[in-house]
Amino acid sequence: MLVKLTSMELKLFTREIILPALILLLPLALLLGFGYMPGANKAQHNLGGQTTAEYMAALGVGIALTILGLSILPATLASYREKGVLRRMATTPVRPAYLLIAQLLLYVAVAIANVVMLIIAARVLFGTHVPERFPAFIVAVVLGIGALFGIGLVVAAVAPSAKAGNAIGLVLFFPSLFLGGVYIPREQMPPALRAVGDYTPLGATLKTMRDAWMGTEPRLAQFAIMAAYAVVAGLAAAKLFRWE
Amino acid sequence: MPVIDVRNLHKRYGAKVAVEDVSFTVDEGEIFGILGPNGAGKTTSVECVAGLRTPDRGTVSVLGLDPRRDRAELTRRLGVQLQASRLQDRMKVREALELYASFYPRPADTDRLIEELGLADQRDTRFGRLSGGQQQRVSIALALVGDPKVAILDELTTGLDPQARRDTWQLIEGVRDRGVTIVLVTHFMEEAEHLCDRLAVIDAGRVVAVDTPAGLVARVAPEQRVRFRPSVPFDDHLLRDLPEVLTVTKTGGQIVVTGTDGLLQAVTSVLARNQIIAADLRVEQSSLDDAFIALTGRPID
């Protein structure tokens, strides 16, 4: 059942055309755009010793997770509730929770596809390392997905309409990118801003991914904060979610 | 045993009482209407029947099942078409039917259902590109895709043009002929009159009457009305003296006579005997509209 629902959601997602293209192409475009700049595969002091290409690959993963978690997930779920899709499913033998799980599975799959694509593209085109501390990298991605998707679920839970879901998502989206170090790398931020940014969901995700990619052990405190976001947001979403 | 048995249903949302006290039974194979103005508690009542809401008081039994306790079993045997519920815009008709069919242990044949509902040409059309009537038919198809014994259809022709509405009525009759018991929620008199074997009139959260459409009309307004334009003026007493006649009123050149059974026969024979020709002769019978006003004290909208 879950397989059927998830593959249907995948089909519907690909029919959106612009969204899947954005998710896959935007990170890739960033990687290619900056990766081909001169000196992109030299370690940069103002990127904490990371190469531009590797930094951009990690950044791409972070952006993809943020779009999926804070924008697409809440907007889609809120629209399903608004349209009455969840209510209709409640009249069938299959619980509407399955549709929610199918959505999560789909976006997790898209996120993983993105990570794999970026690791391979950066490696093949720019000779970056495959993330050196691979287990830590996986933990960073998984907890990042948990934190960002968890917050997206809370937005989906409380948004009264698809429009509101979109709006709340966007309100969180841009500050997340800013504090997370997408507009300005965290190494170039004022220390106070950096301290705050490191403990935002995206900031922690990006920092731990980059650390693991470079071969530095990520800070446990950051993993802990990501797990906390995921658990607290997940519980809140489960408590607040309205099916109609 | 009735297929659906609702007794003393009561449901409130906070301080607002949606359903005060509703009882009715639905027999196998009938089209049972629930008629009432918007906000009368129709939808809340059927949502309790479908197990989507828990009543505050009262009991509901559907096919011998408790909608809340036996919900899993009920969803397999009861089809529900909810008011204003859509599908994902990019889902194709065939995909929707196949997906929802896969939710049920013994689903209906989706291809046949698509044919029967006149959606064969829209098989590969996305839901968002269908007309209102077509979307409504998909909705009905999804309510029937589990091959249910009972189907609840809530406001299924709201927003449809007259032709689409009539087509939908025909469709519902076809579904009933296949042996499905149907509960039809509506606020259209004409629809209730046309389709329903019996109906419950609900107003302000209470059932005010349960009867056949004809029974409801007869119960509240047994009188008939004859309206015509006489070829020559004549004395009212000619008609007033007839035992079948209750009242005679003249407005302009037109005469309106009200009375009991056999009124038309009595009036026309008196006129013929007196060589008066009745032009524009019309007989008006009380309609369900009149019955509704008599039962609830106001028109439906």
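This is a predicted model: local features need pLDDT of at least 70, side-chain atom pairs count only at pLDDT 80 or more; totals for chains, interfaces and linings use all residues.

Colleague: What makes up chain A?

Modeller: Chain A has 10 helices and two strands. From the N terminus the order is α-α-β-β-α-α-α-α-α-α-α-α.

Colleague: Why is chain A called as compact as a globular protein of its length?

Modeller: The radius of gyration of chain A is 18 Å. The globule rule, 2.2 Å times the number of residues to the power 0.38, gives 18 Å for 244 residues. The two values are close, so chain A is as compact as a globular protein of that length. The C-alpha trace of chain A spans about 60 × 35 × 30 Å along its principal axes.

Colleague: Which annotation covers residues 18-244 of chain A?

Modeller: The unreviewed UniProt entry labels them "domain: ABC transmembrane type-2". In the model that stretch is 75% helix and 2% strand. Its end C-alpha atoms are 28 Å apart.

Colleague: How do helix 6 and helix 7 of chain A pack?

Modeller: Helix 6 (residues 134-158) and helix 7 (residues 162-179) of chain A cross at roughly 145°, and their axes come within 9 Å. The crossing is right-handed.

Colleague: Which residues make that contact?

Modeller: Residues count as touching if their C-beta atoms lie within 7 Å. Helix 6 of chain A gives Ile151(A), Val155(A) and Ala156(A). Helix 7 of chain A gives Gly165(A), Ile168(A), Gly169(A) and Leu172(A). By class that is five nonpolar, two polar and no charged residues. Why two polar? Gly is classed as polar here, and the contact includes Gly165(A) and Gly169(A).

Colleague: What is the geometry of helix 3 and helix 9 of chain A?

Modeller: Helix 3 (residues 52-83) and helix 9 (residues 201-214) of chain A pack at about 145°, with axes 10 Å apart. This crossing is right-handed. Among the residues that meet are Tyr55(A), Leu59(A) and Leu65(A) of helix 3 and Leu206(A), Met209(A) and Trp213(A) of helix 9 of chain A. The contact divides into nine nonpolar, three polar and two charged residues. Glu54(A) and Arg210(A) are part of it, and Glu and Arg both count as charged.

Colleague: How many residues does each chain bring to the contact between chains?

Modeller: Chain A brings 14 and chain B brings 21. On the chain A side, helix 1 (2-14) and helix 4 (85-90) each supply at least two residues. The largest share, four residues, comes from helix 4 of chain A. The chain A side divides into six nonpolar, three polar and five charged residues.

Colleague: What is the strand order of the open sheet in chain B?

Modeller: Four strands run in the order 11-12-10-13, with antiparallel pairing. Strand 11 (245-251) and strand 13 (278-285) of chain B each have a single partner, so one side of each has no neighbour in the sheet. That is what makes them edge strands. Neighbouring strands are turned by 15° against each other on average, direction ignored.

Colleague: How do you know that the strands pair?

Modeller: Pairing needs at least two bridges. Strand 11 and strand 12 (residues 254-259) of chain B have six. Strand 10 and strand 12 of chain B have five. Strand 10 and strand 13 of chain B have six. Each count meets the cut-off, so each is a pair.

Colleague: Which residues stand opposite each other?

Modeller: Thr247(B) faces Thr258(B) in strand 12. Lys250(B) has Ile255(B) as its bridge partner. Arg227(B) is bridged to Val256(B). Pro230(B) stands opposite Ala278(B) in strand 13.

Methods
Residues are numbered from 1 along each chain as its sequence is written. Chains are lettered from A and ligands numbered from 1 in the order in which they are written. Axes are lines fitted to C-alpha atoms, for helices over the stretch in contact, and angles run from 0 to 180 degrees between N-to-C directions. A crossing is left-handed if the near helix is turned anticlockwise from the far one by less than a right angle, and right-handed if clockwise. Two residues are in contact if their C-beta atoms, placed from the backbone, lie within 7 Å. UniProt positions are given in the numbering used here, feature names are shortened, and annotations may be inferred rather than shown by experiment.
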